[in-house]
Amino acid sequence: MKKLVILLSVLLIAVTGPAFAQSTTGTISVVVTDSSGAPLPGVTVTASAADTNTRRTEVTGADGAALLVSLQPSTKYTVEASLEGFGK
């Protein structure tokens with residue numbers, strides 16, 4: 001009986017553990033390319049949502065990718081990208 005109680009305790013922790021790890025923020029992943037499909041490094045990418053007063057800015061790496069993290073929940077995000085010599 002003691003083994004069963006220990007096993008059930010371990011299973012209960014294993015099942016409920018991930019519930020405590022849920023996040024209340026989101027992430028936007030972007031890859032910026034030019035008209036030929038080549039990645040654009042050094043692009044400033046900004047995501048903002050006026051309803052949550054959230055604004056995150058990142059710069060793309062050599063692969064043209066940027067990750068905007070810790071974004072508050074909203075359905076009204078605007079994502080803008082800018083690089084000198086290119087339009088907004």
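This briefing walks through the fold, the sheet and a few individual residues of the structure above. The model is predicted, so to speak of a local feature a pLDDT of at least 70 is needed, side-chain atom pairs count only at pLDDT 80 or more, and totals for chains, interfaces and linings use all residues. Residues are numbered from 1 along each chain as its sequence is written, and side-chain values use heavy atoms, with hydrogens and water left out.

**The chain as a whole**

- The protein chain holds 1 helix and 5 strands, where helices (H or I, at least four residues) and strands (E, at least two) are DSSP runs numbered from the N terminus.
- Reading from the N terminus, the elements follow the order α-β-β-β-β-β.
- Of the 88 residues in the protein chain, 16% are buried; buried means under 20% relative accessible area, exposed means over 50%, and partly exposed lies in between (1.4 Å probe, protein chains only).
- Among contacts in the protein chain with a separation of 6 or more, 49% link residues 24 or more positions apart; a contact here means heavy atoms within 4.5 Å.

**The sheet**

- An open sheet of 3 strands is arranged as β3-β2-β5, with antiparallel pairing.
- β3 and β5 stand at the edges with a single partner strand each, so one side of each has no neighbour in the sheet.
- On average, neighbouring strands of this sheet are turned by 15° against each other, direction ignored; the axes are lines fitted to C-alpha atoms (for helices over the stretch in contact), and angles run from 0 to 180 degrees between N-to-C directions.
- As background, strands of a sheet pair through backbone hydrogen bonds, either parallel or antiparallel.

**How the strands pair**

- β2 pairs with β3 (residues 54–59) in the antiparallel sense over 6 bridges; two strands count as paired if DSSP finds at least two bridges between them.
- Within that pairing, alanine 49 has threonine 54 of β3 as its bridge partner, while threonine 44 stands opposite valine 59 in β3.
- β2 and β5 (residues 78–82) run antiparallel and are joined by 5 bridges.
- Valine 45 has alanine 81 as its bridge partner in β5.

**Threonine 46 in β2**

- Threonine 46 is part of strand β2, which covers residues 44–49.
- Threonine 46 counts as buried because its relative accessibility is 11%.
- Its neighbours in contact are Arg55, Arg56, Thr57, Thr78, Val79 and Glu80, leaving out residues up to four places away in sequence.
- With threonine 57, the side chain of threonine 46 makes a side-chain to side-chain polar contact at 3.1 Å. A polar contact is a pair of N or O atoms within 3.5 Å; within protein, one must be able to donate a hydrogen and the other to accept it, and residues adjacent in sequence count only if both atoms are side-chain atoms.

**Two residues with positive phi**

- Asparagine 53 is in the loop between β2 and β3, and those two strands form a hairpin with 4 residues between them.
- Although asparagine 53 is not a glycine, its phi is positive at about 55°.
- Asparagine 53 counts as exposed because its relative accessibility is 72%.
- Serine 70, also not a glycine, has a positive phi of about 60° and lies in strand β4 (residues 65–71).
- Serine 70 counts as partly exposed because its relative accessibility is 36%.
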